[in-house]
Amino acid sequence: MLDLESKYLLFRHASPTETYADGALLFEIGDRGEQMYIVKTGAVRLMIGDTVVETVGPDGAFGEMALVDGSPRSARAICVGPTELVPIGLKRFKFLVQASPDFSLTIMKMMAERIRARTSHLENGG
């Protein structure tokens with residue numbers, strides 16, 4: 001099973017990739033989500049209003065919730081510095097979920113980690 005430290009290393013050499021400039025808006029709250037992303041280089045800031053919810057760096061992933069439940073985007077995603085991403089569309093996502101239990105478990109662990117972090121933040125008055 002993949003551990004959280006090496007969770008997306010299988011995408012390190014993946015292609016195609018997309019390159020974005022600092023400040024590029026990837027998606028906005030309410031947008032239709034047709035792909036998730038793996039960060040190869042750079043970082044992406046996930047925001048709700050003026051609040052930074054999370055900054056996702058190399059080997060991290062974001063945007064998966066829209067593929068899992070088909071709902072619109074729940075945050076805005078903005079590149080921090082020059083950023084290279086691996087886009088994963090719904091068809092590829094479904095293939096990976098079906099073909100790799102490790103991929104599925106990693107996505108679930110990542111989502112659980114985010115929920116626990118938000119819960120902890122709220123419990124501590126944030």
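Reader: Which residues form one aromatic cluster?

Author: Happy to start there! This is a predicted model, where local features need pLDDT of at least 70 and side-chain atom pairs count only at pLDDT 80 or more, while totals for chains, interfaces and linings use all residues. Residues are numbered from 1 along each chain as its sequence is written, and side-chain values use heavy atoms, with hydrogens and water left out. Rings of Phe, Tyr and Trp (its six-membered ring) pair if their centres lie within 6.5 Å; planes under 30 degrees apart count as stacked, over 60 as edge-to-face and the rest as tilted. The residues that form one aromatic cluster are Phe-27, Tyr-37 and Phe-62.

Reader: Are the rings of Tyr-37 and Phe-62 stacked or edge-to-face?

Author: A pair of aromatic rings is described by the distance of the centres and the angle of the planes. For Tyr-37 and Phe-62, the centres are 5.2 Å apart and the planes lie at 20°, so the pair is stacked.

Reader: Which parts of the chain does this pair link?

Author: Helices (H or I, at least four residues) and strands (E, at least two) are DSSP runs, numbered from the N terminus. The two residues are 25 residues apart and link distant parts of the chain. Tyr-37 lies in strand 3, and Phe-62 in strand 5 (residues 61-62).

Reader: Is Phe-103 buried or exposed?

Author: Buried means under 20% relative accessible area, exposed over 50%, and partly exposed in between (1.4 Å probe, protein chains only). Phe-103 has a relative accessibility of 1%, so Phe-103 counts as buried.

Reader: How are the rings of Phe-93 and Phe-103 arranged?

Author: Phe-93 is in helix 2 (residues 90-99) and Phe-103 in helix 3 (residues 101-123). Their ring centres are 5.8 Å apart with planes at 75°, so the pair is edge-to-face.

Reader: In what order do the elements of the protein chain run?

Author: The protein chain has 3 helices and 6 strands. From the N terminus on, the order is β-β-β-β-β-α-β-α-α.
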